[in-house]
Amino acid sequence: MTLSYIVSGFAVGLLVGMTGVGGGSLMTPLLTLLFGVPPSVAVGTDLAFASITKSAGTLTHRLRGTIRWDIVKRLCIGALPAAVLATLALKSFGTLSPQIGQIIRYSIAGSVLLTVVALIFKGRMLAWINAHPEKQLQGNKLAAATIIAGAVLGVLVTVSSIGAGAIGATLLVMLYPRMSSAEVAGTDIAYAVPLTAIAALGHWWLGSIHWELLASLLVGSLPGITLGSWVARSVPEKFLRVLLAMTLTGVAVKLIY
(Lines give C-alpha, C1' and ligand atoms only; values in the text may rest on other atoms or scores of the structure.)
Protein backbone atom coordinates (compact mmCIF):
# COMPACT_ATOMS: atom_id res chain seq x y z
CA MET A 1 0.00 0.00 0.00
CA THR A 2 2.93 2.36 0.65
CA LEU A 3 3.99 2.14 -3.02
CA SER A 4 0.46 3.05 -4.08
CA TYR A 5 0.55 6.11 -1.83
CA ILE A 6 3.92 7.17 -3.27
CA VAL A 7 2.60 6.80 -6.83
CA SER A 8 -0.53 8.76 -5.90
CA GLY A 9 1.59 11.50 -4.36
CA PHE A 10 3.64 11.65 -7.57
CA ALA A 11 0.50 11.85 -9.74
CA VAL A 12 -1.02 14.65 -7.67
CA GLY A 13 2.30 16.50 -7.54
CA LEU A 14 2.54 16.21 -11.33
CA LEU A 15 -0.92 17.74 -11.80
CA VAL A 16 -0.27 20.47 -9.23
CA GLY A 17 2.98 21.37 -10.98
CA MET A 18 1.25 21.45 -14.39
CA THR A 19 -1.89 23.36 -13.38
CA GLY A 20 -1.00 25.29 -10.23
CA VAL A 21 -4.22 24.07 -8.57
CA GLY A 22 -3.89 23.22 -4.88
CA GLY A 23 -3.22 19.59 -4.05
CA GLY A 24 -6.17 19.39 -1.64
CA SER A 25 -8.65 19.47 -4.53
CA LEU A 26 -6.96 16.34 -5.88
CA MET A 27 -5.39 14.57 -2.91
CA THR A 28 -8.28 14.50 -0.45
CA PRO A 29 -10.86 13.06 -2.89
CA LEU A 30 -8.26 10.56 -4.14
CA LEU A 31 -7.57 9.26 -0.63
CA THR A 32 -11.28 9.05 0.15
CA LEU A 33 -12.46 7.43 -3.09
CA LEU A 34 -9.52 5.28 -4.19
CA PHE A 35 -8.05 4.13 -0.89
CA GLY A 36 -11.12 4.29 1.33
CA VAL A 37 -9.42 6.58 3.86
CA PRO A 38 -12.03 8.05 6.26
CA PRO A 39 -12.86 11.63 5.20
CA SER A 40 -11.61 13.16 8.46
CA VAL A 41 -8.27 11.33 8.21
CA ALA A 42 -7.92 12.26 4.53
CA VAL A 43 -8.49 15.93 5.41
CA GLY A 44 -6.09 15.92 8.38
CA THR A 45 -3.31 14.13 6.49
CA ASP A 46 -3.67 16.42 3.47
CA LEU A 47 -3.49 19.51 5.68
CA ALA A 48 -0.21 18.31 7.19
CA PHE A 49 0.99 17.53 3.66
CA ALA A 50 0.02 21.02 2.45
CA SER A 51 1.64 22.85 5.37
CA ILE A 52 5.00 21.23 4.52
CA THR A 53 4.89 21.65 0.74
CA LYS A 54 3.57 25.23 0.85
CA SER A 55 6.36 26.25 3.24
CA ALA A 56 8.90 25.48 0.52
CA GLY A 57 6.84 27.43 -2.01
CA THR A 58 6.62 30.43 0.33
CA LEU A 59 10.40 30.55 0.71
CA THR A 60 10.81 30.65 -3.06
CA HIS A 61 8.25 33.44 -3.49
CA ARG A 62 9.79 35.42 -0.63
CA LEU A 63 13.18 35.31 -2.33
CA ARG A 64 11.54 36.52 -5.55
CA GLY A 65 9.68 39.31 -3.74
CA THR A 66 6.28 38.14 -5.00
CA ILE A 67 4.36 38.14 -1.70
CA ARG A 68 2.04 40.96 -0.61
CA TRP A 69 2.50 40.69 3.14
CA ASP A 70 -0.16 43.30 3.90
CA ILE A 71 -2.76 41.09 2.18
CA VAL A 72 -1.38 37.97 3.87
CA LYS A 73 -1.92 39.70 7.23
CA ARG A 74 -5.54 40.55 6.43
CA LEU A 75 -6.30 37.03 5.23
CA CYS A 76 -4.73 35.52 8.35
CA ILE A 77 -6.74 37.81 10.65
CA GLY A 78 -9.85 36.14 9.26
CA ALA A 79 -8.56 32.65 8.48
CA LEU A 80 -6.68 31.64 11.63
CA PRO A 81 -9.45 32.27 14.20
CA ALA A 82 -11.92 30.62 11.81
CA ALA A 83 -9.68 27.55 11.59
CA VAL A 84 -9.51 27.30 15.39
CA LEU A 85 -13.28 27.64 15.74
CA ALA A 86 -13.88 25.06 12.99
CA THR A 87 -11.53 22.64 14.76
CA LEU A 88 -13.36 23.11 18.06
CA ALA A 89 -16.66 22.49 16.28
CA LEU A 90 -15.28 19.25 14.77
CA LYS A 91 -14.06 18.21 18.21
CA SER A 92 -17.47 18.94 19.72
CA PHE A 93 -19.35 16.90 17.12
CA GLY A 94 -16.75 14.12 16.82
CA THR A 95 -14.74 13.91 13.60
CA LEU A 96 -14.59 10.12 13.53
CA SER A 97 -18.34 9.53 13.82
CA PRO A 98 -20.03 8.25 10.62
CA GLN A 99 -22.45 11.19 10.53
CA ILE A 100 -19.71 13.83 10.73
CA GLY A 101 -17.65 11.83 8.26
CA GLN A 102 -20.51 12.08 5.78
CA ILE A 103 -20.80 15.84 6.35
CA ILE A 104 -17.06 16.21 5.74
CA ARG A 105 -17.44 14.11 2.57
CA TYR A 106 -20.14 16.48 1.29
CA SER A 107 -18.04 19.52 2.24
CA ILE A 108 -15.16 18.07 0.21
CA ALA A 109 -17.50 17.66 -2.77
CA GLY A 110 -18.75 21.24 -2.39
CA SER A 111 -15.21 22.61 -2.18
CA VAL A 112 -14.21 20.62 -5.26
CA LEU A 113 -17.13 22.11 -7.20
CA LEU A 114 -16.12 25.61 -6.07
CA THR A 115 -12.65 24.86 -7.41
CA VAL A 116 -14.21 23.88 -10.76
CA VAL A 117 -16.12 27.17 -10.88
CA ALA A 118 -12.92 29.06 -10.08
CA LEU A 119 -11.06 27.24 -12.86
CA ILE A 120 -13.71 27.85 -15.52
CA PHE A 121 -14.85 31.39 -14.75
CA LYS A 122 -11.73 33.04 -13.30
CA GLY A 123 -10.87 34.76 -16.60
CA ARG A 124 -14.41 36.02 -17.14
CA MET A 125 -14.70 37.33 -13.60
CA LEU A 126 -11.41 39.20 -13.92
CA ALA A 127 -12.49 40.67 -17.27
CA TRP A 128 -15.75 41.90 -15.70
CA ILE A 129 -13.92 43.50 -12.78
CA ASN A 130 -11.49 45.26 -15.11
CA ALA A 131 -14.39 46.48 -17.26
CA HIS A 132 -16.18 47.93 -14.22
CA PRO A 133 -13.50 49.68 -12.13
CA GLU A 134 -16.21 51.52 -10.18
CA LYS A 135 -17.21 48.16 -8.66
CA GLN A 136 -13.76 47.56 -7.17
CA LEU A 137 -13.55 47.86 -3.40
CA GLN A 138 -11.18 50.38 -1.83
CA GLY A 139 -9.85 51.28 1.61
CA ASN A 140 -11.63 49.89 4.67
CA LYS A 141 -14.22 48.05 2.58
CA LEU A 142 -11.46 46.18 0.76
CA ALA A 143 -9.71 45.33 4.03
CA ALA A 144 -12.96 44.06 5.57
CA ALA A 145 -13.78 41.98 2.48
CA THR A 146 -10.30 40.44 2.59
CA ILE A 147 -10.70 39.47 6.26
CA ILE A 148 -14.12 37.95 5.56
CA ALA A 149 -12.70 36.03 2.59
CA GLY A 150 -9.95 34.74 4.88
CA ALA A 151 -12.54 33.55 7.43
CA VAL A 152 -14.52 31.68 4.77
CA LEU A 153 -11.35 30.05 3.46
CA GLY A 154 -10.30 29.17 7.01
CA VAL A 155 -13.47 27.17 7.58
CA LEU A 156 -13.34 25.54 4.13
CA VAL A 157 -9.72 24.50 4.52
CA THR A 158 -10.13 23.14 8.05
CA VAL A 159 -13.21 21.08 7.23
CA SER A 160 -12.32 19.90 3.72
CA SER A 161 -8.59 20.76 3.28
CA ILE A 162 -9.65 22.47 0.02
CA GLY A 163 -9.81 26.18 -0.68
CA ALA A 164 -6.30 27.57 -0.33
CA GLY A 165 -5.51 26.90 -4.01
CA ALA A 166 -7.77 27.85 -6.91
CA ILE A 167 -10.55 29.28 -4.72
CA GLY A 168 -8.18 31.47 -2.72
CA ALA A 169 -6.38 32.67 -5.84
CA THR A 170 -9.69 33.54 -7.53
CA LEU A 171 -10.83 35.58 -4.52
CA LEU A 172 -7.52 37.44 -4.55
CA VAL A 173 -7.87 38.23 -8.24
CA MET A 174 -11.40 39.54 -7.67
CA LEU A 175 -10.39 41.70 -4.70
CA TYR A 176 -7.01 42.84 -6.06
CA PRO A 177 -7.24 42.76 -9.88
CA ARG A 178 -4.07 44.82 -10.29
CA MET A 179 -1.87 42.20 -8.64
CA SER A 180 0.45 40.30 -10.96
CA SER A 181 -0.01 36.54 -11.44
CA ALA A 182 3.20 35.91 -9.51
CA GLU A 183 1.98 38.06 -6.59
CA VAL A 184 -1.37 36.25 -6.54
CA ALA A 185 0.39 32.88 -6.45
CA GLY A 186 2.92 33.98 -3.81
CA THR A 187 0.34 35.64 -1.56
CA ASP A 188 -2.05 32.69 -1.87
CA ILE A 189 0.69 30.25 -0.84
CA ALA A 190 2.07 32.46 1.96
CA TYR A 191 -1.20 32.89 3.90
CA ALA A 192 -1.96 29.18 3.41
CA VAL A 193 1.14 28.13 5.38
CA PRO A 194 -0.01 29.28 8.85
CA LEU A 195 -3.61 28.35 7.97
CA THR A 196 -2.82 24.75 6.98
CA ALA A 197 -0.35 24.45 9.87
CA ILE A 198 -2.95 25.48 12.46
CA ALA A 199 -5.62 23.32 10.82
CA ALA A 200 -3.18 20.38 10.73
CA LEU A 201 -2.34 20.86 14.41
CA GLY A 202 -6.06 20.84 15.11
CA HIS A 203 -6.49 17.55 13.25
CA TRP A 204 -3.46 16.11 15.06
CA TRP A 205 -5.23 17.03 18.30
CA LEU A 206 -8.34 15.31 16.94
CA GLY A 207 -6.31 12.22 16.05
CA SER A 208 -7.05 12.41 12.32
CA ILE A 209 -3.57 12.39 10.76
CA HIS A 210 -2.08 9.21 9.24
CA TRP A 211 1.69 9.77 9.59
CA GLU A 212 2.89 6.83 7.46
CA LEU A 213 0.54 7.93 4.69
CA LEU A 214 1.82 11.50 4.98
CA ALA A 215 5.46 10.38 4.60
CA SER A 216 4.63 8.29 1.53
CA LEU A 217 2.75 11.13 -0.14
CA LEU A 218 5.67 13.52 0.43
CA VAL A 219 8.15 11.05 -1.09
CA GLY A 220 6.08 10.87 -4.27
CA SER A 221 4.90 14.46 -4.56
CA LEU A 222 8.21 16.33 -4.51
CA PRO A 223 9.59 14.87 -7.77
CA GLY A 224 6.07 15.01 -9.23
CA ILE A 225 5.75 18.76 -8.65
CA THR A 226 9.20 19.34 -10.13
CA LEU A 227 8.44 17.35 -13.28
CA GLY A 228 4.97 18.85 -13.63
CA SER A 229 6.34 22.40 -13.46
CA TRP A 230 8.76 21.54 -16.26
CA VAL A 231 6.17 19.82 -18.47
CA ALA A 232 3.66 22.66 -17.99
CA ARG A 233 5.67 24.84 -20.36
CA SER A 234 4.82 22.62 -23.34
CA VAL A 235 1.15 21.85 -22.53
CA PRO A 236 -1.59 24.42 -23.37
CA GLU A 237 -3.00 25.96 -20.18
CA LYS A 238 -6.57 25.92 -21.50
CA PHE A 239 -6.38 22.18 -22.19
CA LEU A 240 -5.06 21.53 -18.70
CA ARG A 241 -7.79 23.58 -17.05
CA VAL A 242 -10.58 21.90 -19.04
CA LEU A 243 -9.17 18.44 -18.28
CA LEU A 244 -8.82 19.24 -14.59
CA ALA A 245 -12.31 20.78 -14.39
CA MET A 246 -13.86 17.68 -15.97
CA THR A 247 -11.93 15.38 -13.64
CA LEU A 248 -12.87 17.34 -10.52
CA THR A 249 -16.53 17.47 -11.55
CA GLY A 250 -16.55 13.68 -11.84
CA VAL A 251 -14.88 13.41 -8.43
CA ALA A 252 -17.46 15.70 -6.80
CA VAL A 253 -20.35 13.69 -8.28
CA LYS A 254 -18.77 10.44 -7.07
CA LEU A 255 -18.33 11.88 -3.55
CA ILE A 256 -22.00 12.86 -3.40
CA TYR A 257 -23.46 9.71 -4.91
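Q: Where does Met 174 lie?
A: Met 174 lies in helix H7; helices here are DSSP runs of H or I with at least four residues, numbered from the N terminus. This is a predicted model, in which local features need pLDDT of at least 70, side-chain atom pairs count only at pLDDT 80 or more, and totals for chains, interfaces and linings use all residues. Residues are numbered from 1 along each chain as its sequence is written, and side-chain values use heavy atoms, with hydrogens and water left out.

Q: Is Met 174 buried or partly exposed?
A: Met 174 is partly exposed, because its relative accessible area is 27%. Buried means under 20%, exposed over 50%, and partly exposed in between (1.4 Å probe, protein chains only).

Q: Which residues is it in contact with, leaving aside neighbours within four places in sequence?
A: Met 174 is in contact with Met 125, Leu 126 and Ile 129, leaving aside those neighbours. Contact means heavy atoms within 4.5 Å.

Q: And how many residues of H7 are buried?
A: Eight of the ten residues in H7 (166–175) are buried, so the helix is mostly covered. Among them are Ile 167, Leu 172, Val 173 and Leu 175.

Q: What covers them?
A: The cover includes H4, helix H5 (98–131), helix H6 (139–160) and H8.

Q: Turning to the largest nonpolar core, which residues touch the most other members?
A: Of its 62 residues, Leu 31, Val 37, Ile 108, Tyr 176, Tyr 191, Leu 217 and Leu 248 do. H8 gives the most to this core, with eight residues. Such a core is a set of buried Ala, Val, Leu, Ile, Met, Phe, Trp, Tyr and Cys residues joined through side-chain atoms within 4.5 Å.

Q: What does Tyr 176 touch?
A: Not counting residues up to four places away in sequence, Tyr 176 touches Ile 71, Arg 74, Leu 142 and Thr 146.

Q: Changing topic: how many aromatic pairs does a search of the whole structure find?
A: The search finds one. The ring centres of Tyr 5 and Phe 35 are 4.9 Å apart with planes at 70°, so the pair is edge-to-face. Rings of Phe, Tyr and Trp (its six-membered ring) pair if their centres lie within 6.5 Å; planes under 30 degrees apart count as stacked, over 60 as edge-to-face and the rest as tilted.

Q: Where do the two residues sit?
A: Tyr 5 is in helix H1 (residues 2–19), and Phe 35 is in the loop between helix H2 (24–34) and helix H3 (39–64), 30 residues apart. Tyr 5 counts as buried because its relative accessibility is 11%.
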